[in-house]
Amino acid sequence: MEIFHAHIYFSENESVLAEKVRDSLIYAVPQAAHVSELILDPPGPHPKPMFMVHILSSNINTVAHIIDRKRAGLSVLIHPAQEDKLAAHTIFARWLGDRLPLNFDAL
């Protein structure tokens, strides 16, 4: 079963907003496979603090639409979880809001 990751990015001064968006998504997206805590130290290629939502591929369009409505202006990267991480974060990536520069050297 294919999984997608949605990375919802925020700045340090937006952590309260990010927590509200996260809490809202927990209730609005019961079909999410996982919703992470806020990740304050950006891992891998990610340029900002974030939290993640794991989405089954069968729900991706519905959940992406809900995230878009609930993101409160925060940037979101949605991509498939796959072995080829560069392709996942570029070719197959979908952005909601502003596109952020990723650190592809970290992949």
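E4 pairs with strand E5 (residues 94-96) in the antiparallel sense, over three bridges. Strands pair here if DSSP finds at least two bridges between them. Helices (H or I, at least four residues) and strands (E, at least two) are DSSP runs, numbered from the N terminus. This is a predicted model: local features need pLDDT of at least 70, side-chain atom pairs count only at pLDDT 80 or more, and totals for chains, interfaces and linings use all residues. Residues are numbered from 1 along each chain as its sequence is written, and side-chain values use heavy atoms, with hydrogens and water left out.

**The strands**

E4 covers residues 76-80, and five of its five residues are buried. Buried means under 20% relative accessible area, exposed means over 50%, and partly exposed lies in between (1.4 Å probe, protein chains only). Val76, Ile78 and Pro80 point one way from E4. Leu77 and His79 point the other way. Both sets are buried.

**The nonpolar cores**

A nonpolar core is a set of buried Ala, Val, Leu, Ile, Met, Phe, Trp, Tyr and Cys residues joined through side-chain atoms within 4.5 Å. The largest core has 22 residues. Ala6, Ile8, Leu25, Val53, Ile55, Ile67 and Ile78 touch the most other members. E1, H1, E3, helix H2 (60-70) and E4 each supply at least two residues of this core. H2 gives the most, with five residues. Apart from this core lies another, of eight residues, among them Met50, Ala93, Trp95 and Leu100. In soluble globular proteins, nonpolar side chains tend to be buried together.

Ile8 has contacts (heavy atoms within 4.5 Å) with Leu25, Pro49, Met50, Phe51, Val53, Leu74, Ser75 and Val76, not counting residues up to four places away in sequence.

**Helix H2**

Which residues of H2 are buried? They are Ile60, Val63, Ala64, Ile66 and Ile67. Seen down the axis of H2, its buried residues fall within an arc of 165°, so they line one face of the helix. The arc is that of the directions from the helix axis to the C-beta atoms. Asn61 and Arg69, on the other side of H2, are exposed. The cover over the buried residues of H2 includes E1, H1, E3, E4 and E5. Just after H2, Ala72 takes a positive phi of about 55°.

A salt bridge is a side-chain nitrogen of Lys or Arg within 4 Å of a carboxyl oxygen of Asp or Glu. By this rule the count comes to four.

| Pair | N to O distance |
|---|---|
| Arg22 and Glu19 | 3.7 Å |
| Arg22 and Asp23 | 3.2 Å |
| Arg22 and Glu37 | 3.2 Å |

The pair of Arg22 and Glu37 links distant parts of the chain, 15 residues apart. Arg22 is in helix H1, and Glu37 is in the loop between strand E2 (34-35) and strand E3 (50-56). Arg22 and Glu19 both lie in helix H1, three residues apart, about one turn of the helix. An α-helix has 3.6 residues a turn, so residues three or four places apart point the same way.

Salt bridges link Glu19, Arg22, Asp23 and Glu37 in a network. How exposed is each member? Arg22 counts as buried because its relative accessible area is 7%. Glu19, at 28%, is partly exposed. Asp23 is also partly exposed, at 32%. Glu37 is exposed, with a relative accessible area of 53%.

**Ser15 in H1**

Ser15 is found in helix H1, which covers residues 15-28. A polar atom of its side chain lies 3.4 Å from the backbone oxygen of Glu12. Ser15 touches Phe10 and Leu38, not counting residues up to four places away in sequence. Ser15 and Met50 are 35 residues apart along the chain, and their C-alpha atoms are separated by 9.0 Å.

Conventions:
Polar contact = N/O pair within 3.5 Å; in protein donor to acceptor, adjacent residues only side chain to side chain.
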